[in-house]
Amino acid sequence: MMIEFGVAARPAPGETLSGDDFLVELTDEATLVAVVDGLGHGPEAADASNSAVEYLREHAVQPLVPLVEGCHRALRKTRGVVLAIARLEEAGRALSWLGVGNVEARVFRSGRDWGQSDTLLMRGGVVGYQIPALRPRSLGLELGDLLVMATDGIQNDYPSALKPTQTVQASADCVLADYGIDSDDALVLVSRLIEDSS
């Protein structure tokens, strides 16, 4: 199995840099996916989110809890971030995820169960300032399932913008266009489990 993804993002009005960032990192046996939102917006928020993504990329093989704890220590001198992070293993069929702060992540089921979703339980905190006890949750994935991660610049009633026949990039573009909040940075990442054609 393989993961395809699409991302759509824009900075807050009047800003040239976005405090929202993302990561899709393939390691030997897993894919790490994350959405990161630097507190506020502008250059300091962008610096925090970029630093978080750089740390996550460099340490992507670590288990989720020590990975986020290490990121927390690395961001002590920044504004801090909130994030959602997921690791897809066993050829994408097993997902473990956790979140800190107000970034959203959902898995939307394909096939007959289209429209049903599992939502990541987010725990309050700021990576780089104060984090809660980290407890990853695991669930299984099926071919065609969507993993959608969005910052708080996306209204949470976006699921109606998702269609099972859309490409992941079209889904991300529609969510941003129809549900992006005009007063904040906004980013949405859409991933789908697909057959490996090789």
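The following questions and answers describe a predicted model.

Reader: On what basis are residues numbered and values counted here, and what pLDDT do local features need?
Author: Residues are numbered from 1 along each chain as its sequence is written, and side-chain values use heavy atoms, with hydrogens and water left out. In this predicted model, side-chain atom pairs count only at pLDDT 80 or more, totals for chains, interfaces and linings use all residues, and local features need pLDDT of at least 70.

Reader: In what order do the 5 strands of the open sheet stand?
Author: Strands (E, at least two residues) and helices (H or I, at least four) are DSSP runs, numbered from the N terminus. Two strands pair if DSSP finds at least two bridges between them. The pairing in this open sheet is antiparallel, and the order is E2-E3-E4-E5-E8.

Reader: Which strands stand at the edges of the sheet?
Author: A strand at the edge has a single partner strand, so one side of it is left without a neighbour in the sheet. That applies to strand E2 (20-26) and strand E8 (137-140).

Reader: By how many degrees are neighbouring strands of this sheet turned against each other on average?
Author: Axes are lines fitted to C-alpha atoms, for helices over the stretch in contact, and angles run from 0 to 180 degrees between N-to-C directions. For this average, direction is ignored. The value is 15 degrees.

Reader: What is the bridge partner of Trp 97 in E8?
Author: Strand E5 (residues 94-100) is joined to E8 by 4 bridges, and the two run antiparallel. E5 is also joined to E4, by 7 bridges, and there Trp 97 is the partner of Ala 86. In E8, the partner of Trp 97 is Arg 137.

Reader: How many residues of E4 are buried?
Author: Buried means under 20% relative accessible area, exposed over 50%, and partly exposed in between (1.4 Å probe, protein chains only). E4 pairs with E3 in the antiparallel sense over 8 bridges, one of which has Asp 37 and Val 82 as partners. E4 is mostly covered, and its buried residues number 8 of 9.

Reader: Across which strands does helix H1 lie?
Author: H1 covers residues 43-58 and runs at about 10 degrees to E2. Its buried residues include Ala 45, Ser 49 and Leu 56, and what covers its buried residues includes E2, E3, H2 and E4. The strands that H1 lies across are E2, E3 (31-38) and E4 (81-89).

Reader: Which strands does helix H2 touch?
Author: Contact means heavy atoms within 4.5 Å. H2 (residues 64-74) packs on the sheet, and its direction makes about 155 degrees with that of E4. Its buried residues include Leu 64, Leu 67 and Val 68.

Reader: What kind of aromatic pair do Phe 5 and Phe 22 form?
Author: Rings of Phe, Tyr and Trp (its six-membered ring) pair if their centres lie within 6.5 Å; planes under 30 degrees apart count as stacked, over 60 as edge-to-face and the rest as tilted. Phe 5 and Phe 22 are 6.3 Å apart centre to centre, with 55 degrees between the planes. Phe 5 lies in strand E1 (residues 2-10) and Phe 22 in E2, so the pair ties together parts that are 17 residues apart in sequence. The pair is tilted.

Reader: Are Phe 108 and Tyr 158 buried or exposed?
Author: These two form an edge-to-face pair, 6.2 Å centre to centre and 70 degrees between the planes. Phe 108 lies in strand E6 (residues 104-108) and Tyr 158 in the loop between strand E9 (146-150) and helix H3 (168-179), so the pair ties together parts 50 residues apart in sequence. Both Phe 108 and Tyr 158 are buried.

Reader: What distance separates the C-alpha atoms of Asp 118 and Arg 106?
Author: Asp 118 is placed in strand E7 (residues 117-119) and is partly exposed, at 21% relative accessible area. Beyond its neighbours within four places in sequence, its contacts include Trp 97, Arg 106 and Arg 137. Asp 118 and Arg 106 are 12 residues apart along the chain, and their C-alpha atoms are separated by 5.5 Å.
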